[in-house]
Amino acid sequence: MGTVEWIFGAQGSAGLVIFRRMKMKRLVIVFTALALAMTLGARAANASSILYFNDLNVGTDRMAAALVAVSGSHTVTTAADLASFTTLLTGGGYDLAIFFQQNSSGASFDSAWTAVAAHLAAGGAAIGADWTRTDGHASAFSTAFTGTYNQGTVTVTAASLLTGITNPVSLYNPGWGVFSTDLTPGICAATFTNGDCAITFGSGTRAIFNGFLSDTFTDGATGTQLYVNEINTALGPVPEPATLTLLGLGLAGVARAARKRKK
């Protein structure tokens, strides 16, 4: 059987994947495997299951608005109470857990954070916030609290969180004693004016921790969009249709070449 030299560039890759003088059948198998893997990856990302709980809001819950915005692509479950959140998350089946402790504290909250930590350790994604500034709650996200709190300006630095927002992001206090809390890296994805982290990434970008509460955005649309960006970042990128189309065209071309060789 003949051989072929093929160069294929994938959008978003670090470079070109080069196939040199590979037997035709083997090349077809490689393209088929790549196409299948990318297709299955896109389906998995588009079918993600999200579990959310927030114990109280004084203002408007912008994460709830973000979950409405993404609900066409994802299945969203809002837990009825803290115990339900812990039970549902412990039972498994969720890709992303979002847990905001905004008002109360106690052993039941500690148990919920333990469930979030186990979810992350098992390979899941999570987004969190905690007004109590308990390092044990934040440790699974590879972050901790500095002791400084109630800053009102956030500059987003992570590229994946910048879509549709304008820097800096302004916060306000709708009536909390503590409405924002400074964080230490992890990986800083946004900063307060003093240079401390306002958002951190851990476990790659699967673990996102916020140093502010969900009802503290001066511009509600910005808060909603920032949380949409966080959800998409935590769940990971979805292969773009153009990339999948390009891969399909390459596979079709290889198949046509193989047929011609047989004639």
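Which exposed residues does the face of helix 2 turned away from its buried side carry? In this predicted model, that face of helix 2 carries Val-68 and Ala-69 as its exposed residues.

**Helix 2: burial and surroundings**
- The buried residues of helix 2 are Met-63, Ala-66, Leu-67 and Val-70. Because they cover an arc of only 100° around the axis, they lie on the same side of helix 2.
- These buried residues of helix 2 pack against strand 3 (49–54), strand 4 (75–78), strand 5 and strand 6, and also against helix 6.

**Helix 2 against helix 6**
- Helix 2 (residues 62–70) and helix 6 (residues 220–235) have axes that come within 8 Å and cross at roughly 60°, which makes helix 2 oblique to helix 6.
- On the helix 2 side the contact is made by Arg-62, Met-63, Ala-65, Ala-66, Leu-67, Ala-69 and Val-70, and on the helix 6 side by Gly-220, Gly-223, Thr-224, Tyr-227, Val-228, Glu-230 and Ile-231.
- The crossing of helix 2 and helix 6 is right-handed.

**Helix 4: geometry and burial**
- Helix 4, spanning residues 107–121, contains 15 residues and reaches 21 Å from its first C-alpha to its last, close to the 21 Å expected at 1.5 Å a residue.
- Buried in helix 4 are Phe-109, Ala-112, Trp-113, Ala-115, Val-116, His-119 and Leu-120. They are placed on the same side of helix 4 because the arc they cover around the axis is only 155°.
- The face of helix 4 turned away from that buried side carries Ala-107, Thr-114 and Ala-121, which are exposed.
- The buried residues of helix 4 pack against helix 3 (82–91) and helix 5 (135–138), as well as against strand 5 (96–101), strand 6 (125–130) and strand 13 (207–210).
- After helix 4 comes Gly-123, whose phi is positive, near 100°.

**Helix 4 against helix 3**
- Helix 3 and helix 4 pack with their axes 9 Å apart and at an angle of about 25°; with angles under 35 degrees counted as roughly parallel, the two helices are therefore roughly parallel to each other.
- The crossing of helix 3 and helix 4 is left-handed.
- From helix 3, Leu-82, Phe-85, Thr-86, Leu-89 and Thr-90 meet Ser-108, Phe-109, Ser-111, Ala-112, Ala-115, Val-116 and His-119 of helix 4.

How values were computed
Residues are numbered from 1 along each chain as its sequence is written. This is a predicted model: local features need pLDDT of at least 70, side-chain atom pairs count only at pLDDT 80 or more; totals for chains, interfaces and linings use all residues. Side-chain values use heavy atoms; hydrogens and water are left out. Helices (H or I, at least four residues) and strands (E, at least two) are DSSP runs, numbered from the N terminus. The expected span of a helix is 1.5 Å times one less than its number of residues. Buried means under 20% relative accessible area, exposed over 50%, partly exposed in between (1.4 Å probe, protein chains only). The arc is that of the directions from the helix axis to the C-beta atoms. Contact means heavy atoms within 4.5 Å. Axes are lines fitted to C-alpha atoms, for helices over the stretch in contact, and angles run from 0 to 180 degrees between N-to-C directions. Angles under 35 degrees count as roughly parallel, over 145 as roughly antiparallel, 65 to 115 as roughly perpendicular and the rest as oblique. A crossing is left-handed if the near helix is turned anticlockwise from the far one by less than a right angle, and right-handed if clockwise.
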